[in-house]
Amino acid sequence: MDRFVITPRVLSGFRDYLPEDALAKENLLLKLIPIFRSFGFLPIETPHLEYADILLKQGSDEIQKQLYRFCDNGGRDVALRFDLTVPLARYVTQHKQELGLPFKRYAIGSVFRGEKAQKGRYREFTQCDFDFIGSDCIVCDAEIAQIIYMSLEALNVGEFQICVNNRKILNGIAQMLGVEQNINDILRIIDKLDKIGKDGVYDSLEQLHLKKQVIDDLLSFICLEAENNKGDFLDSLLAQNRTHECFVQGLKELKEFFLILESLPLKEECFKISFCIARGLGYYTGIVYETFLKSMYSLGSICSGGRYDNLTQNFSKEKMSGVGASIGIDRLLVALKQHAIQQNAKILIVCMDDNCFLYGNKVASLIRSSEKVVELYPEAVKLKKSLSYANMRGFEYVVIIGSEELQASKVTIKNLRTSQQQLLDINSIGEYFY
């Protein structure tokens, strides 16, 4: 009788992690978590699945269209989380008495968006968030930027730039131009400047039936940039207009933000004022960030976030301020892979005879004491087969143990990069890999 065989396949926009990628992801997180903890951030976890009304109308219209929403077996209207920030608002409101404020948290987990899959971006992807809840002080905004900087420095991703703006400045410009009623649509379009260019932004703004002069003025402003002398740049803008309260407040907050950063041992060129950074999610209210790798700008933002002063308004009448950012783990993995960053030297121990395994385990333990990745091949097979396994798995060294090595308390070490071999006393093996 023929048995029906299911074709193994993965849904479009989703992926399996092979061991090499899973290890790279784990190593990345092991570098980030100590940084979060060094600033006093604590880990939390929230469910992948939330009641739909928790998530509805919290993101942009585009995000809402991408929501995975369905009825579960109990007839409940549920949805998969599209980020980790909205569940945080529900979590903090629900557990405020247990947590106390201010509260600093980090969270790492999968989020889901039914968007078009692209390089480094899938419909299920990992976000790594860190947020400061319960204070509206600009010191908190600057601390988030400092963590972004330290995280990317620790990951050794090459040159990067943290682009900073303030939504109050954009709101103020919209008020000056008399188009504040279209602000959400305008921000959504502005946020796509890097993707569709000035002409694309111009055409999209025209579809909102804005006047040509308004579009020209808007584009002229958002294309202003400052990398150095940021204080002078912001002062010059303040001198030009001190009548629109929202605009002025945004500029003053940005100036205070950079004054704090300038007091820290950070590279000034890694920060840039960029008025085209709007952040598409509708809940941002103040300073916002997007971070790009200079060598891989087309990859998009690898770390973004900002201040949200009204996020808990759907769950509580009490206002709760917050600011945070999210590191795009999947995009970073693409970047790290192209930079060919590897973990510590990987070593495979090969026993040529069954009676060599006790000695082989002893050798493995000695090498692990020097903090190297060591694997013992589980069977005594021909050397050709074990070497083939080592090459496929990306091992750099093979430690060969046969009867002669066992009797002499030695090992043979083969460097797979150079193909050179040498015989070493077991007592010297730790120094060799140190």
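User: How do you know that strand β13 and strand β15 are joined, and which way do they run?

Analyst: In this predicted model, five bridges join β13 (residues 346-351) to β15 (residues 397-401). Two strands pair if there are at least two bridges between them, so with five bridges β13 and β15 count as paired, and they run parallel. For one example, I347 has Y397 in β15 as its bridge partner.

User: What makes β14 and β17 the edge strands?

Analyst: Each of them, β14 (373-376) and β17 (421-425), pairs on one side only. You can follow that in the order of this open sheet of five strands, β14-β13-β15-β16-β17. The pairing is mixed, and the twist averages 25 degrees from one strand to the next.

User: Which helices pack on that sheet?

Analyst: Helix α14 (residues 383-393) does, touching β13, β14, β15 and β16. Helix α13 (residues 357-368) also lies across β13, β14, β15 and β16 (410-415). The direction of α13 makes about 165 degrees with β13, and for α14 the angle with β13 is about 165 degrees too.

User: Why is K31 called partly exposed?

Analyst: Its relative accessible area is 41%. Buried would need under 20% and exposed over 50%, so K31, at 41%, falls in between and is partly exposed. K31 lies in helix α1.

User: What is K31 in contact with, leaving aside its neighbours within four places in sequence?

Analyst: That would be A154 and L155. Contact means heavy atoms within 4.5 Å.

User: How do α1 and α5 cross?

Analyst: The axes of α1 (residues 19-38) and α5 come within 10 Å and cross at roughly 145 degrees. The crossing is right-handed. On the α1 side, L28, K31, L32, I35 and F36 take part, meeting I147, M150, S151, A154 and L155 in α5. Sorted by class, that contact has eight nonpolar, one polar and one charged residues.

User: What makes a group of residues a nonpolar core, and how many residues has the largest one here?

Analyst: The members must be buried residues of nonpolar kinds, joined through side-chain atoms within 4.5 Å. The largest such core has 82 residues, and F130, F257 and Y289 have the most contacts inside it. Helix α5 (residues 138-155) gives the most to this core, with 10 residues. There's also a second, separate core of 28 residues, which includes I54, F125, I277 and Y308. In soluble globular proteins, nonpolar side chains tend to be buried together.

Notes:
Residues are numbered from 1 along each chain as its sequence is written. This is a predicted model: local features need pLDDT of at least 70, side-chain atom pairs count only at pLDDT 80 or more; totals for chains, interfaces and linings use all residues. Side-chain values use heavy atoms; hydrogens and water are left out. Buried means under 20% relative accessible area, exposed over 50%, partly exposed in between (1.4 Å probe, protein chains only). Helices (H or I, at least four residues) and strands (E, at least two) are DSSP runs, numbered from the N terminus. Axes are lines fitted to C-alpha atoms, for helices over the stretch in contact, and angles run from 0 to 180 degrees between N-to-C directions. A crossing is left-handed if the near helix is turned anticlockwise from the far one by less than a right angle, and right-handed if clockwise. Ala, Val, Leu, Ile, Met, Phe, Trp, Tyr, Cys and Pro count as nonpolar, Asp, Glu, Lys and Arg as charged, and the others, Gly among them, as polar.
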